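I opened this notebook to record what I looked up in the structure. The entries follow the order in which I consulted it.

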Amino acid sequence: MPLKFGPETTTRVVCLRTSVEVADKAGRRAIGWGETPLSVSWVWPASLSVADRARRMEAFAVQLAEKLVAFGASGHPLEISHDFQKHVLMNEVAIANQLEDSEPMPYLAALVCLSAFDIALHDAYGQLHQRDIYDLYDKEFFSRDLSHFLEPESGSSISFKDRHVADFLIRPGVRSMPVWHLVGGLDALTAEDLNGTEPNDGHPVLLGDWIQKDGLRCLKVKLRGTDAQWDYERMRRIAALGFPMGVRWLSADFNCTVRDPAYVNDILDKLLRDEPEIYARTLYVEQPFAYELEHDMLDVRSVSARKPLFLDESAHDWEFVKLGRSLGWSGVALKTCKTQTGALLSLCWAKAHGMPLMVQDLTNPMLAMLPHVRLASHAGTIQGVECNAMQFYPDASLPEQAVHPHIYQRRHGMVDISTLGGNGFGYRIEDIQRQLPAAAATFAS
């Protein structure tokens, strides 16, 4: 099914899967795996063609593989990845952009490319220690505490001295979570929305059929951000369909297309006046404004006074979370596609400063789904986790689904991650019968 991201519609995606080998001082070796979809329309809105943006991201991923091997760092994966991001990644983005005559690749796109390597590094560390990676975020595995990575808000009494990632995690993680279903801007709500181009593959097409099949209780609504009447009616239509079928919560996602807080405020105020139940059940608003916070410096307190306002595309790392909080943003939507390392550090900063969390999807298929749901299980979100690959390309994940059926198939409005177990992220990759293509590139020290 096509998925509309702001002004663009996605009909295909290339996934980056990586394998990283690590070694310790005793000579023991282990291999970890990571994956992310290179979701061009989400990370890089531009007039440049999708094909050209995708080509550059794929080339940049290969470039990163070589640079990571040459980096030659040692330590905890979070330490290695943090240092690489601070000392290498931005420079590599600049070099890559200098070699092109067209629009520059944004830092968010570079982070997505790096994330597959970062995730694999965390997985490999767990494999090396023969333990779950979430057992390895304690003090004994780090050479530095969080004060070396994070700075509290100026003037606060918060300190990261002698604190570590594990201090901010839910342990043990939850095994079953409410799941959010994405209602894309092109998704058919009822039969009158069908245009005859929909796939006939045995999976639902209409929103009502998805709600009934998966027992959905939470719907994330993609809005245009450029047509207030359409956005208002979309919320109203979805509520009218979903609430009688058991849907309890909505969220509104404007995907960076809004230019003025008054646009969002007017829609929320109209809902409060004319559709108070929809207003009450709208749990939060997600990223209405352009993601380069430092360019516009919009004061968004008027929006967050009405509903919790969550950073998504803007939350590159904890420093942008800090900036967002100063501008009035309420909470943070974490994504593993911006690196496991960055998600964990943003989680720690946000929790220390009382900001609520969500874990959002990048329409993660196949292996990319598994670190995503693991993060949600340990994050302590306001309401479950978003998982939508099963809506848009469900058959892409059939080999993984055979091993983890209740992660790739939502039931009773929940995902259940009990089948994950073992070392690293607990993929059980040896049980997954996926045939991989030849490696695009291999680098060794």
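**Entry 1: α11 and α12**

I looked up helix α11 (residues 318-327) and helix α12 (residues 340-352) and found that their axes come within 8 Å and cross at roughly 35°. Axes here are lines fitted to C-alpha atoms, for helices over the stretch in contact, and angles run from 0 to 180 degrees between N-to-C directions. I noted that helices (H or I, at least four residues) and strands (E, at least two) are DSSP runs, numbered from the N terminus. The crossing of α11 past α12 is right-handed; a crossing is left-handed if the near helix is turned anticlockwise from the far one by less than a right angle, and right-handed if clockwise. On the α11 side I listed W318, V321, K322 and R325, which meet L345, S346 and W349 of α12. Contact means heavy atoms within 4.5 Å. By class, I recorded four nonpolar, one polar and two charged residues in the contact of α11 with α12. For these classes, Ala, Val, Leu, Ile, Met, Phe, Trp, Tyr, Cys and Pro count as nonpolar, Asp, Glu, Lys and Arg as charged, and the others, Gly among them, as polar.

**Entry 2: basis of the values**

I note that this is a predicted model, in which local features need pLDDT of at least 70 and side-chain atom pairs count only at pLDDT 80 or more, while totals for chains, interfaces and linings use all residues. Residues are numbered from 1 along each chain as its sequence is written, and side-chain values use heavy atoms, with hydrogens and water left out.

**Entry 3: α2 and α3**

I next examined helix α2 (residues 50-71) and helix α3 (residues 77-98), which pack at an angle of about 135° with their axes 11 Å apart. That angle makes α2 oblique to α3; angles under 35 degrees count as roughly parallel, over 145 as roughly antiparallel, 65 to 115 as roughly perpendicular and the rest as oblique. α2 passes α3 in a right-handed crossing. From α2, I found R56, F60, Q63, L64, K67, L68 and F71 in the contact, and from α3, I80, D83, F84, V88, L89, E92, V93, A96 and N97. The residues of this contact divide into 10 nonpolar, two polar and four charged.

**Entry 4: Q287**

I turned to backbone angles, given that most residues other than glycine have a negative phi, and most peptide bonds are trans. Q287 has a positive phi, near 35°, and is not a glycine. I located Q287 in the loop between β8 (282-286) and α9 (293-296). Is Q287 buried or exposed? Q287 counts as buried, because its relative accessibility is 0%; buried means under 20% relative accessible area, exposed over 50%, partly exposed in between (1.4 Å probe, protein chains only). The side chain of Q287 reaches the backbone oxygen of F289 at 2.8 Å, and a polar atom of that side chain lies 3.4 Å from the backbone nitrogen of E313. Beyond four places in sequence, I found Q287 touching residues including D253, N255, D312 and W329.

I placed H412 in the loop between α16 (405-408) and β13 (414-416), and H412 counts as exposed, because its relative accessibility is 72%. I also recorded a cis peptide bond between R171 and P172, with omega about -5°. P172 is found in the loop between α4 (107-129) and β5 (176-183).

**Entry 5: α13**

I checked the burial of helix α13 (residues 369-379) and found 11 of its 11 residues buried. Just after α13, G380 takes a positive phi of about 75°.

I found R17 in strand β3 (residues 15-23). The side chains of R17 and E35 are joined by a polar contact of 2.7 Å; a polar contact is a pair of N or O atoms within 3.5 Å, and within protein, one must be able to donate a hydrogen and the other to accept it, while residues adjacent in sequence count only if both atoms are side-chain atoms. I then located A280 in helix α8 (residues 276-281), and A280 is partly exposed, with a relative accessible area of 48%. Leaving aside neighbours within four places in sequence, A280 is in contact with W249 and K307.
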